[in-house]
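Colleague: I would like a close look at one part of this protein. Please keep it simple, and go one step at a time.

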Amino acid sequence: MANFESELPTWQAEGVRPPDNMLIEGWKASQKPPADYFNWFFSRTHFALKELQEKVATEENLDLHKVRTDNPHKVTSAQVGLSNVINQKQATKVEFDTHDTDAIRHITASERSNWNSKANGVHSHSWGDIQNVPIGSLTQLGVIRLVDSISSTDRTKAATPNSVKDAYDRGTQAIADASMVQKNLESHSQSKNNPHAVTANQVGLGKVSNFDVATTEEAIEGTSNSKYVTPFTVSEAIKVLQSVKSVNGKTGSVVLGKSDVGLGNVDNVKQASKADFDSHANNIDKHITSQERADWNSKASGLHTHTMSQIDGLTASLNSKTNSRGYANDKVTSLGEESDINILNETGTFMGYKMVGAPDSGWWYINNMIHNSGYCTQVAYRLNNSTDLRPKIRSKINGKWFDWQTISVTTDNAPTSTKLQTARKIAGKIFDGTADIEINASDVSAVSLTESQQVNGVKDFTETPTINGTDIYQQNEVLLNSKSIVFSNGVVKLLDDIANYESLEITTVIEGNRSTQTIFHNKSQTVNTRFSGVNVYDEPTSKGYDMFEGYITLSKDTIKFNYAKVVSYTGTITNNVDSISVVHIIGKKKAPRTFGVK
């Protein structure tokens, strides 16, 4: 294993992987990427360097490479003494002329000029060319504040080039240390003396015989099939062996020109080989198709601008984020459906429905006021409910959210008070809420029971006493809802826990027609109940009746509509209607009766 001296830069924060298009295209002008993207880059660099140190080439690998005979260095024919041998077929003049006049694959000067003026595949724009740029954050592209640190864990700011360079320099130093082990490999790779005993077959010349060059005498004799001739030996053989007295009508010492052999139009230049021609003709990088020509002619000019709507996916991405704020618009920013306002990290006013953390699943405006990640206050206002306009408020203190509280309005009863605005009498005594009052039996004209006044022989109340067969306990009834509850209210708080009562009396109503039922729930924490009724119209022109049905759940100190519907006389079913409501939820428990009332 190679020895590394420089300390491996450590970066454990994994960060968030940038989108694929950003990995391909890189940062654009004036972009300030989130810190998590840099955390991803630094951590990946750390693990890549660590892997490089652990898996770098060993001396054993180098020895194995040295004995390879499959031409790992791509030795050429020139390196084995066959540089002048062309093992290729040449293109014909007809093929070349056909290709040369091909107007589809070749471009004109005006096309070259036009395309050269177009924007590069990777290009930049000035800041003035970008419109409607949003404020960036952890989950949102846009303008963002820089931080000059390689150890910061802030997830809302972007690293500066200086901090990136610092981390990069540390990684570069580790890579430089790792490169020492490559020197022996590089020295070996530069060897040009065929260290791997490359054969003619391995360089594509297996059909070429490695013959000696024939002497002049052997060339003149012309009997050997195992020798090559040079231009000189061919010339000498021609001089000795020529016996032609007339060539193309010429006699004596004949000198032939190219026209004598039917090549008067051929220039005395070196021609491309058939393979060169085929390679060029089939090169799809250098040539273009008709479709490519049409596509490029329709592309944008080199200098051009874009609107935000022309940047693919950006508008949809911004609209789907909870953090796409910071630029002017004409209405409250919508969070949409099922957004989690428990983690809403921006100060501002928002709206949405079925939001996680909201008072209920209806539509709400949320005024979010942030001090820091551990302290925040939210005020919620109804968006589309005219029957309950009371706002609600809650706070997060030291990272913990507390329950929503209702803010009273002028039509509400105050939940707490120290003094009644108008004093009232109780059993003839003035009570204004500032102090307790004492009421005696004489104040209510009652006769109290004493131990001597036994009730049917029962001295205490461990048994159920009666007077003349009447249970001396009576039902103590408490109204558990402050006002009528309709379907759109969602989950509504009750005034007390239902487990404190032996039974519940529930009164429902539709357009004035009531249905009442009593439930003995044996102190259970949750009660599910259905109700139904018929609304008969007394008006002679009303055409009949409606039937209605609802299903609610009472759980501890809350009530929730599961569904409600009305079936008209025509058979039409209407769901989620507010014409059905719960007007009374009465908790009942027994309390002693007062006897002897005059």
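The part I have in mind is the surroundings of one histidine. Where does histidine 99 lie, and which residues is histidine 99 in contact with, leaving aside its neighbours within four places in sequence?

Modeller: Keep in mind that this is a predicted model. Let us start with the place itself. Histidine 99 sits in helix α4, which covers residues 93-100. Is histidine 99 buried or exposed? Its relative accessibility is 8%. Buried means under 20%, so histidine 99 counts as buried.

Now look at what surrounds this side of the helix. Set aside the neighbours within four places in sequence. Histidine 99 is then in contact with His106, Phe277, His280, Ala281 and His287. Take alanine 281 from that list. Along the sequence, alanine 281 and histidine 99 are 182 residues apart. In space, their C-alpha atoms are 6.9 Å apart.

His106 leads us on to another residue. Among the residues that glutamate 111 touches is His106, which is also a contact of histidine 99. Glutamate 111 belongs to helix α5, residues 109-116. Its relative accessibility is 12%. The limit for buried is under 20%, so glutamate 111 counts as buried. Arg293 is also touched by glutamate 111, with residues up to four places away in sequence not counted.

For contrast, turn to the surface. Phe211, Val213 and Tyr228 form a nonpolar patch there. Together they have about 260 Å² of accessible area. Phenylalanine 211 is in the loop between α7 (182-189) and β3 (212-213). Its relative accessible area is 32%. That value lies between the 20% and 50% limits, so phenylalanine 211 is partly exposed.

Step back to the whole chain. It has 598 residues, and 26% of them are buried. Its secondary structure comes to 12 helices and 27 strands. Consider contacts between residues at least 6 apart in sequence: 48% of them join residues at least 24 apart. The accessible surface is about 39700 Å², and carbon and sulfur atoms account for 51% of it.

Last, a word on confidence. The mean pLDDT of the chain is 77, and 78% of the residues reach 70 or more. Over residues 446-463, the pLDDT is below 50. This stretch still has 20 contacts in the model beyond near neighbours in sequence. Where pLDDT is low, predicted coordinates should not be read in detail.

Definitions and conventions. Residues are numbered from 1 along each chain as its sequence is written. This is a predicted model: local features need pLDDT of at least 70, side-chain atom pairs count only at pLDDT 80 or more; totals for chains, interfaces and linings use all residues. Side-chain values use heavy atoms; hydrogens and water are left out. Patches are made of residues with over 30% relative accessible area and no salt bridge: like charges are joined within 9 Å, nonpolar side chains (Val, Leu, Ile, Met, Phe, Trp, Tyr) within 5 Å. Accessible areas come from the Shrake-Rupley method with a 1.4 Å probe; for residues, only the protein chains shown count as cover. A salt bridge is a side-chain nitrogen of Lys or Arg within 4 Å of a carboxyl oxygen of Asp or Glu. Helices (H or I, at least four residues) and strands (E, at least two) are DSSP runs, numbered from the N terminus. Buried means under 20% relative accessible area, exposed over 50%, partly exposed in between (1.4 Å probe, protein chains only). Contact means heavy atoms within 4.5 Å. pLDDT is the predictor's confidence in each residue, from 0 to 100.
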